[in-house]
Every structure is written in C-alpha cells, then in structure tokens.
Amino acid sequence: MTRTVALLGSTGSIGRQTLEVARELGLKVAALTANRSVDLIERQAREFSPRLAVLYDETAASELRKRLADTKTEVMSGMEGLLAAATIDEADTLVTAVVGMIGLEPTLAAIEKKKRIALANKETLVCAGELVMDAVDRCGAEIVPVDSEHSAIFQCLQGCRGRGEIKRLILTCSGGPFYGLSYEELAGKTRADALRHPNWSMGAKITVDSATLMNKGLEIIEAMRLYRLPLSQVDAVIHRQSIVHSLVEFRDGALLAQLGTPDMKLPIRYAMTYPYRAQSPAEPLDLLACPPLTFAAPDEGAFRCLRIAKRCAGAGGTACAVMNGANEEAVGAFLAERIGFNDIPALVETALSETAQVSAPALADILEADRAARESVRRHIKECRG
Ligand code: MG
C-alpha cells in the first residue's frame, strides 16, 4: 500500500489523474516535478504541500521559487531536482509519469532506494529494460505498471505460480484513429488527424505513437522486459472498443482478461493500493450496454513502426534505445509540422541503420545510443528541408 508519493510529471495527463487518485485515497505527496508549467504546478503545490517541487527548466524554476516563497515547499531544477524528487525519503512510492528517456535515471535512483515504482514511463523499460529489472531484483524494489495493458496483465497474473505457466501475453490495441488505412493513405495524415484518438484521452506524444502503432511496439518491449518473456510469447491484437485491456494465455489453455471502461485512474489506483483494491467513485463497465467486442490482427505493412519495434525487440542490445530516441525526435518534428506521418518510420529506420549497436549495454551506452539516434533524425530533417 502506498502512503506517500513522489510524482514525476505532475502536470501531464497521467500526473493530473494521479493527483486526483491521491486526493480520493487521501495519499500524501512529498514531491512534484514538471518541465515548465509554472501555473499548474504552483496550484498543485498549494493544494498538496509537498516538501519539494521541481521544474526541469531553470528559468521556470526561479519563477516558481518566487511564487512559492510563502510556503514550506523547496524548489529545485534540472536533473538534480528530478533525482532529489525520485529519492526523497518521505515517499514510499515513485510515480513516473514523465514522457521519454528523461525518466530513466530518476527511476534507477528510486529503485536503489527500494521504492515502489508505479511505472507510467514506458521508455525506461524499452531503452534499459535489462538494466532496470536487474536493479529491481538486486535492490528488492517493486515495479507496479500503470500502463493500462501492463496493469491488466499484472492483474491477470496475480496468483500465477511462475513464468512457466504463461503461454503468451496478448496486448490489446485500439488501432488508433487511422485503423484500416493503407500505407499510401497514411502519407497525408496531419498532426490534427493524429491527435484525434477514438477512445483514450492522453498526451500528444503518446497519442501520435498510438496513431503510428509505435505505442504498441513500445508496449510489447515493455511487457517482454517486465515479465522476462521472449518476443515469441508477446502478441498484440486490435480491439477497437478498448474494453478488454489485455489478456494472459496460460499453458492449460485458459485465457484471463481484465475488462473495464477506458479510464487511466483504474490502473493508477491499483498501482497505489496493490495488493489491495480500493472503492472507486467511477461507474463500472455495464456489460449489457457495451458494444460487441471484436479482435483483429494489426497491419504491419501499413503501420511500419510496429514492425520496426518487433525487429528491435528481437535484436536487443541498444537497438530499442536507438529506435526510441529516433521516434521521440521524429514525433516531436511531426507535432511541430516539420515532417509527414510516414516520415516517422522512415527516420527511425535510417537512425537504426546509421547508429552502431552495442550488446549488453551499460547506462552510458544507452544514453549514447539515444543521443546518436536523435542526432541522426535531426540531421536528416535538416538536409531534407535544405
Ligand atoms: Mg497503453
């Protein structure tokens, strides 16, 4: 059970919902961090009175320091601030709701402190899964996934006696806003088209990843690392209704699934209350009112990011870190309307072919792979635009 949380990424979609859950469960908040949203983090700090508030951006942090001068909250900035928040003594649980590679080092630091990690930052496991899971085993820390699919699997595995009983994990995938389109039809899709997700309301980066299906690719890798299973035992199926949040197939042929309305507060709440379940104010799923549940195979020919992710998942080493770094950079450029939709997989492919891969990487190799991948994407975008 969580009593006090430190929250990385408090102003994003998962961060705001985590604070709603904290309010509902009466949890204390020891630290809040964000990138540069001064107004929102100030309001959050005034409500939850954390000992520490961090803005990654230095200028924004000095502004926040002035505004919170009348409170007991200390203000820090940069990676130093994120590390201090992740390892703050008062918190028993770290919620990592930041997007991207920036979450890696603070997560590792919190694992060393034996905290429960409520993991909503999938890039951490994608880029450095082996490193993170080895640290978890060595330090006796605990990871409870917040990503809805991985939370569903985690819930289905309660009572499972060992990995040998699992035949495969089946991640469900909404298909995103472009389900059914061909590769050629995807070419003209814009930022606004991609940000119209049919079922889930999420941040911009993950919504674009859901449109390219890179999100499912990242989640396949996340599941492989979290449950130490090979690619051959992790599958994805398209399930347009987002009601079955994922399934586990066991060796005796039983399939267990977790169902519910698409509401991120359920997996967040479970990550806080595990191994217990708390009363929820949300309306439960009404089976009699819900639409027919359908399942289909994803189209990896049209959605090339999924195929690339599976290839990298099989390759291991720094391949996933290169893929993730290139994807983050390319999605940023797509959101800034500097590249087209199909340029995202193309730039990721190019970065993979240009960047040297390292097997059994240390943290420094992973950070270097990430840097080189981003550099490759930036260079190609610049060359194409003259
Ligand atoms: Mg998910």
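## A walk through the predicted model

Start by selecting arginine 374 and glutamate 329: they form a salt bridge, with 3.3 Å between the closest N and O atoms. The term stands for a side-chain nitrogen of Lys or Arg within 4 Å of a carboxyl oxygen of Asp or Glu. Because arginine 374 belongs to helix H16 (residues 363-385) and glutamate 329 to helix H14 (residues 319-335), the pair ties together parts that are 45 residues apart in sequence. Helices here are DSSP runs (H or I, at least four residues), as are strands (E, at least two), numbered from the N terminus. Colour by accessibility and arginine 374 counts as buried at 16% relative accessibility, while glutamate 329 is buried at 18%. The classes are buried under 20% relative accessible area, exposed over 50% and partly exposed in between (1.4 Å probe, protein chains only).

A word on the model before moving on: it is predicted, so local features need pLDDT of at least 70 and side-chain atom pairs count only at pLDDT 80 or more, whereas totals for chains, interfaces and linings use all residues. Residues are numbered from 1 along each chain as its sequence is written, and side-chain values use heavy atoms, leaving out hydrogens and water.

The structure holds 36 salt bridges. Next, select glutamate 249 and lysine 167, whose closest N and O atoms are 3.4 Å apart in a salt bridge. Glutamate 249 sits in strand E10 (residues 244-250) and lysine 167 in strand E8 (residues 166-173), so this pair links parts 82 residues apart in sequence. Glutamate 249 counts as buried at 10% relative accessibility, but lysine 167 is partly exposed at 47%.

Now go to helix H11 (residues 214-227), where lysine 216 and glutamate 219 lie three residues apart, about one turn of the helix. Their salt bridge has its closest N and O atoms 2.6 Å apart, and both residues are buried. For a network of salt bridges, select Asp39, Glu42, Arg46, Glu63, Lys66, Arg67 and Asp70.

**Backbone stops**

Most residues other than glycine have a negative phi, and most peptide bonds are trans. With that in mind, zoom in on the bond from tyrosine 274 to proline 275, which is cis with omega near 5°. Proline 275 is in the loop between H12 and H13.

Serine 242 has a positive phi of about 50° and lies in the loop between strand E9 (234-238) and E10. Is serine 242 buried or exposed? Serine 242 is buried, with a relative accessible area of 5%. Then try glutamate 337, where phi is also positive, near 60°. You will find glutamate 337 in the loop between H14 and helix H15 (343-354), exposed with a relative accessible area of 58%.

**Domains**

Colour the chain by domain: domain 1 (4-145), domain 2 (146-303) and domain 3 (316-386), with bounds from an automatic or database domain assignment. The centres of domain 1 and domain 3, taken over C-alpha atoms, are 26 Å apart.
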